Amino acid sequence: MLKDMPLDKLSRPLRDLRVSVTDRCNFRCPYCMPAEIYGERYEFLPRNDLLTFEEITRIVKLSTQLGVKKVRLTGGEPLVRQDVVELVSMIASLDGIEDFAMTTNAYLLSGMAESLKKAGLQRITVSLDSIDDEVFKKMNGRGFGTAKVIDGIAAAKEAGLDPIKINAVVQKGINDNTLVELASWCRDNGYTPRFIEYMDVGTLNDWKLDEVLPASEIVKIIEGEFSVTPIESSYRGEVAKRYRYKDGKGEFGVISSVTQPFCGDCTRLRLSPEGQIVTCLFADGGTDLRGPMRSNIPDEELLNIMSGTWSNREDRYSEIRTSMTSPRKKVEMYHIGG
Ligand code: SAM
Ligand code: SF4
Ligand code: SF4
């Protein structure tokens, strides 16, 4: 049964699905889950509210009938979801997925990289905001040094979970003085860093525009140290603007979601841990699939809900944020996984 591939109201196809497998995390990055708010007493979702692996796999399978070719597991921190390797193997056994990746903070990765690869995960993106221990300790909100993360990345390389991308959120005055060091470390180890403009996701990180270092400035900082040249975008929906080092030692990317938004090419759907599909990173809610699934809805009807949600989509928050006059409700980043 192959469904007609839906286009949304701005003629965008559905290509990518980001699956947030948990709302929990072992870090407290202040730009995502500030420790003052997500403390000991914070109530995360109870286990029964989380989609089961069977439910997640069912949605992923149906999404491939609507055009999804890329699947990324995220969170919260995906590696803290119990038995996540089993979920990886269930998704990896589905037809139609060309690219299967995970975004992780890598704190638990060194002991899991090999089993993730064996279970069918293809590649990994690690969030590492700075290679400077002191800066990193502040940015993960838990005082953890870089050693375990670096071991995790090395284990992923050893296991063949490549190409490995390194995501770094750039905050002016916090880690912008360590970008060259991170770029240099990535060059030496064969990783591709992607510097991400600090975004106004959610409502709890007290985001201010003057903490955003524009992507153009980030590129200037890297160009100040290395000779680089831009690379043409290779496919519709590619979020990073890429640059190649002229000496042939790899590339880096910048993600300019604030200063140069790319909504026109946004082909991403998100699945929250409790089973809502969310059509934009800045949405104020989603469409529930867990309720219908637990009421034994047949596949065809579930597919209709998913297809209808995509067809009605008209989100382009990043393009219109500066013209919005009042603050609005938004889902939190740790909930839908970036
Ligand atoms: N815990 C995993 C991790 O950190 O890789 C996966 C989930 S995390 C929400 C996914 C990505 O979102 C990370 O690369 C993180 O740096 C990014 N992120 C979180 N809050 C952000 C913000 N306010 N602006 C830009 N990126 C953000
Ligand atoms: Fe956790 Fe990732 Fe958010 Fe940091 S960015 S708090 S690692 S979910
Ligand atoms: Fe996509 Fe929404 Fe981000 Fe625009 S703001 S790129 S529509 S997720």
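**Note on the predicted model: ligand shells, aromatic pairs and backbone features**

1. Tyrosine 198 is buried, having a relative accessible area of 2% (buried is under 20%, exposed over 50% and partly exposed in between, with a 1.4 Å probe and protein chains only). The residue belongs to the loop between strand 6 and helix 7 (helices, H or I of at least four residues, and strands, E of at least two, are DSSP runs numbered from the N terminus). Its C-alpha atom is separated by 6.0 Å from that of glutamine 171, although the two are 27 residues apart along the chain.

2. This is a predicted model, in which local features need pLDDT of at least 70 and side-chain atom pairs count only at pLDDT 80 or more, while totals for chains, interfaces and linings use all residues. Residues are numbered from 1 along each chain as its sequence is written, chains are lettered from A and ligands numbered from 1 in the order in which they are written, and side-chain values use heavy atoms, with hydrogens and water left out.

3. Ligand 1 has 20 residues around it, of which Gly76, Thr103, Ser127, Val169 and Met199 come nearest (a residue is near a molecule or strand if one of its heavy atoms lies within 4 Å of it). By class, this shell holds 8 nonpolar, 10 polar and 2 charged residues (Ala, Val, Leu, Ile, Met, Phe, Trp, Tyr, Cys and Pro count as nonpolar, Asp, Glu, Lys and Arg as charged, and the others, Gly among them, as polar). At least two residues of the shell come from each of strand 3 (99-104), strand 5 (165-170) and strand 6 (192-197).

4. One nitrogen atom of the ligand lies 3.2 Å from a side-chain N or O atom of glutamate 77. A nitrogen atom of ligand 1 is also 3.3 Å from a polar backbone atom of tyrosine 31, and an oxygen atom of the ligand is 3.3 Å from a polar backbone atom of threonine 104. Of the 540 Å² of accessible area that ligand 1 has on its own, the protein covers 95% (areas come from the Shrake-Rupley method with a 1.4 Å probe; for residues, only the protein chains shown count as cover).

5. The surroundings of ligand 2 are Cys25, Phe27, Cys29, Cys32, Met33, Gly76 and Asn105. These divide into 5 nonpolar and 2 polar residues, with no charged residues.

6. Around ligand 3, the shell comprises 7 nonpolar, 1 polar and 4 charged residues. Its members include Cys263, Cys266 and Cys280, together with Arg12, Arg270, Arg313 and Asp315. Phe282 and Tyr317 also belong to this shell.

7. Phenylalanine 226 and tyrosine 245 form one of the structure's 13 aromatic pairs (rings of Phe, Tyr and Trp, the last by its six-membered ring, pair if their centres lie within 6.5 Å; planes under 30 degrees apart count as stacked, over 60 as edge-to-face and the rest as tilted). This pair is edge-to-face, at 5.4 Å centre to centre and 75° between the planes. Phenylalanine 226 lies in the loop between helix 7 (215-223) and strand 7 (228-231) and tyrosine 245 in strand 8 (residues 241-245), so the pair ties together parts 19 residues apart in sequence. Both residues are buried.

8. Phenylalanine 282 and tyrosine 317 form a stacked pair, with 4.3 Å centre to centre and 20° between the planes. The former lies in the loop between strand 11 (276-278) and strand 12 (287-288) and the latter in helix 10 (residues 317-320), so this pair ties together parts that are 35 residues apart in sequence. Phenylalanine 282 is buried at 3% relative accessible area, and tyrosine 317 counts as buried at 8%.

9. Phe195, Phe226, Tyr243, Tyr245 and Phe252 form one aromatic cluster. The charged end of arginine 187 sits over the ring of tyrosine 245, 4.5 Å from its centre (the criterion is NZ of Lys or CZ of Arg within 6 Å of the ring centre and within 35 degrees of the ring normal).

10. Most residues other than glycine have a negative phi, and most peptide bonds are trans. The peptide bond from aspartate 162 to proline 163 is cis, with omega near 0°. Serine 11, in the segment before strand 1 (16-20), has a positive phi of about 65°. Asparagine 296 has a positive phi near 60° and is exposed, at 67% relative accessibility.

Definitions and conventions: Polar contact = N/O pair within 3.5 Å; in protein donor to acceptor, adjacent residues only side chain to side chain.
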